[in-house]
Amino acid sequence: MAVDAKQLAAERAARLKAAVELKEPDRVPFTGIGGDVIAAYAGITSYEFNFDYEKQCQAIIKYVKDFPSDQPVIGMTGLGNHVASMAFSDYPDLYPIISRVDGPTNDILGVDYCRFPGRELDENSSPQFIGREYMSAEEYDELIADPVKFCFEKILPRIVRAFRDMKAPEAHAAMARLALEKAKAGAAMRDMFRQLQELGYAPGGLSVFFAPLDFIGDQLRDIPNLIKDLRRYPDKVKAATEAVLEPLLKVSVNAKGPGVETAMIPLHLNEYLSPALYNEFYWPTLKEGILRLAELGMKSQVFFEGRHDAHLETILELPAGWGTAYFEKTDVRKAKKLLQGHTCIMGGIDVGMVISSTPAKLDEYIKEILGEMMPGGGFILAPNIGNLPRETPIENIRAVYEAVEKYGKY
Amino acid sequence: MREELLKSFVDMDEQEAVRIARELVESDGGAVAVLETCKEAMEEVGRLFEAGEYFLSELIAAGDMFNQIMEFTLPKLQGDEVASIGTMVLGTVQGDVHNIGKDIFKVMAEASGINVIDIGIDVPHEKFVEAIKEHKPELVGMCCLITLGVDSMKRTIEVIKEAGLRDDIKIIIGGGRVSQAVMEHVGADAWADDAARGVRLSKELLGKE
């Protein structure tokens, strides 16, 4: 890394760190905005972006060069393979191979809930996760008794086509092919990170942790079923959230490494639940998870999907400086009033506005948000949802970056 | 008994609501009473949701109860006893394969008396046009969860315009990422990011509220 790039990387990292530590940095830290638009900006299809490592890397580097921010904007390059991560949680060295499914690895594995552009979807669609019922209500006891064994023996064969029968040659061939493919992907990835370093971005990333009830809802039972389970089998659901907590923590720690010291926790069911249900089934093991991650040396960055307004105050049960609360539809101004000095707040840019507004209006919009959110520090500017569609007007994206440059200085 | 059904339904007491409905449906004129009471209960659940007292989990549970009860109630009703206040063609737009939001909205819309023609997920623009020609709805509902759906909605509405059908219908868009700005961008008539609001606005578009 050249000296300038090193210094730039250090400045960017310091900016983000200061915000998480609830301080005022030199400028407001900005994660950048991107997504499917990265492929469109490079003139390639989403299919190419998802299946051709070289084109993907070129597209990302082009975008990051033209739209610099405090974190490189990578876009959506695959989907999590969380049941597999749990099934193989005793093998941390396999984590990079097993934890994510991208286009080529999905061709090998055939993951039931994955939909990729150019395969099941139009060539310019986004990769999508479509869960369904992989575990029956009668199987709660087995899950509770040994989540890792249960995920390996029962769920993995239902989710991954190539693992239908773990004793069959097909499964072994798929494992070997997966390793070969990931070696190819790894080489491309290293090349991309080298180029990103030259552009002033330190190597790193995020680990992932799930609220235990989300793991059960999204990966095992499917949400409509889980909602019924809360009333039909409350004790079993609760016991299951407690049982999956430890292996989920283990998976998250498996991802820890140089530059990976924060666990992203994308919440899903938070918006679905009343405070009574949230406090009984969701929050206790999520809170425990955040506290345990801290003990294990990791900060948490929780993405509160949808409206989290009804549960906002529970965040105050965590110790001050615990990490970052990333909001989608909860008004960040309202969150700031409650959480200032306690929690770093992230978000603020409504992606709907970036898609549909004009540069002049966006300039005004960013000015207003920064004016309200920057004082006192502890704020990271980010899109409320991480995916700008392909057709997003480039002049609108440019207007956001220019406005951050103009109004983002402390 | 109607009162008890209403109360247990709104209180999310599934077993009790289903038990009372089963009993009531066997009495003289009971099926009509069950249908009307469940519709009333769904409306109340929607109202409680919009008031911030109920959440998505209650909408899902209520929708499930409604479907369970209708399964044994509808076969006992005559065609003219199930009045509709209007027809809606409903689908998740091309490129998006999500269905949970659409399905929650669908059962609530049906409970409010809207005849819903569900044309599925990842629906090509032209399929909306064909469905409009075939079913002649007053309303078209377009759903999306992911952000790519926004431009897909815009394109779908353009294709409906090109087919000369836009003036015959009202369009409501729904989903987690839609907003007033998105509605104006795609050229729809209303927007909702939750099912209860979606049903209320659909009824308004039909001139029923």
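How much area is buried between domain 1 of chain B and domain 2 of chain B, and what percentage of it do carbon and sulfur atoms give? In this predicted model, the area buried between the two domains is about 950 Å², and carbon and sulfur atoms give 72% of that value. The area buried between chain B and chain A is about 2,600 Å², with 59% given by carbon and sulfur atoms. The points below treat the domain interface, the chain interface, and selected side-chain pairs in turn.

**Domain interface within chain B**

- The domain assignment divides chain B into domain 1, covering residues 2-80, and domain 2, covering residues 86-205.
- The C-alpha centres of domain 1 of chain B and domain 2 of chain B are separated by 26 Å.
- In the contact between these domains, 12 residues of domain 1 of chain B meet 12 residues of domain 2 of chain B.
- Of the area that domain 1 of chain B buries against domain 2 of chain B, 44% is supplied by B:Met42, B:Glu50 and B:Leu59, which is more than any other three residues supply.
- One salt bridge is found across this domain interface.
- B:Glu50 is in a salt bridge with B:Arg200, and the closest N and O atoms of the pair are 2.6 Å apart.
- The rule also finds one residue pair in polar contact across the interface of domain 1 of chain B and domain 2 of chain B, with both residues at pLDDT 80 or more.
- On the side of domain 1 of chain B that touches domain 2 of chain B, the elements giving two or more residues are helix H3 (30-50) and helix H4 (56-73) of chain B.
- By class, the residues on that side of domain 1 of chain B comprise six nonpolar, three polar and three charged.

**Interface between chain B and chain A**

- Chain B brings 27 residues to the contact with chain A, and chain A brings 34 residues.
- B:Phe55, B:Thr147 and B:Arg177 together supply 21% of the area that chain B buries against chain A, more than any other three residues.
- Seven salt bridges are found across the interface of chain B and chain A.
- A:Lys329 and B:Asp193 form a salt bridge in which the closest N and O atoms lie 3.1 Å apart.
- Across the interface of chain B and chain A there are 15 residue pairs in polar contact, both residues being at pLDDT 80 or more.
- H4, helix H7 (148-162) and helix H8 (180-186) of chain B are the elements that give two or more residues to the side of chain B that touches chain A.
- H4(B) provides the largest share of that side, namely seven residues.
- The side of chain B that touches chain A consists, by class, of 12 nonpolar, seven polar and eight charged residues.

**Salt bridges over all chains**

- Side chains of opposite charge can pair when their charged atoms come close.
- The count over all chains comes to 49 salt bridges.
- The side chains of A:Glu246 and A:Arg292 form a salt bridge with an N to O distance of 2.4 Å.
- Because A:Glu246 lies in helix H13 (residues 234-254) of chain A and A:Arg292 in helix H14 (residues 275-295) of chain A, this pair ties together parts that are 46 residues apart in sequence.

**Aromatic pairs**

- Over all chains, the structure holds 13 aromatic pairs.
- The ring centres of A:Tyr47 and A:Phe51 are 4.8 Å apart and the ring planes are at 35 degrees, so this pair is tilted.
- Both A:Tyr47 and A:Phe51 belong to helix H3 (residues 46-51) of chain A, where they are four residues apart, about one turn of the helix.

**Surroundings of A:Glu198**

- A:Glu198 lies in helix H10 (residues 169-198) of chain A.
- The side chains of A:Glu198 and A:Arg194 make a polar contact at 3.1 Å.
- From A:Glu198 to A:Lys167 the C-alpha to C-alpha separation is 46 Å in space, and the two residues are 31 residues apart in sequence.

Technical notes:
Residues are numbered from 1 along each chain as its sequence is written. Chains are lettered from A and ligands numbered from 1 in the order in which they are written. This is a predicted model: local features need pLDDT of at least 70, side-chain atom pairs count only at pLDDT 80 or more; totals for chains, interfaces and linings use all residues. Side-chain values use heavy atoms; hydrogens and water are left out. Domain bounds come from an automatic or database domain assignment. Contact means heavy atoms within 4.5 Å. Buried area is the accessible area (1.4 Å probe) that two parts lose on being put together, summed over both. A salt bridge is a side-chain nitrogen of Lys or Arg within 4 Å of a carboxyl oxygen of Asp or Glu. A polar contact is a pair of N or O atoms within 3.5 Å; within protein, one must be able to donate a hydrogen and the other to accept it, and residues adjacent in sequence count only if both atoms are side-chain atoms. Ala, Val, Leu, Ile, Met, Phe, Trp, Tyr, Cys and Pro count as nonpolar, Asp, Glu, Lys and Arg as charged, and the others, Gly among them, as polar. Rings of Phe, Tyr and Trp (its six-membered ring) pair if their centres lie within 6.5 Å; planes under 30 degrees apart count as stacked, over 60 as edge-to-face and the rest as tilted.
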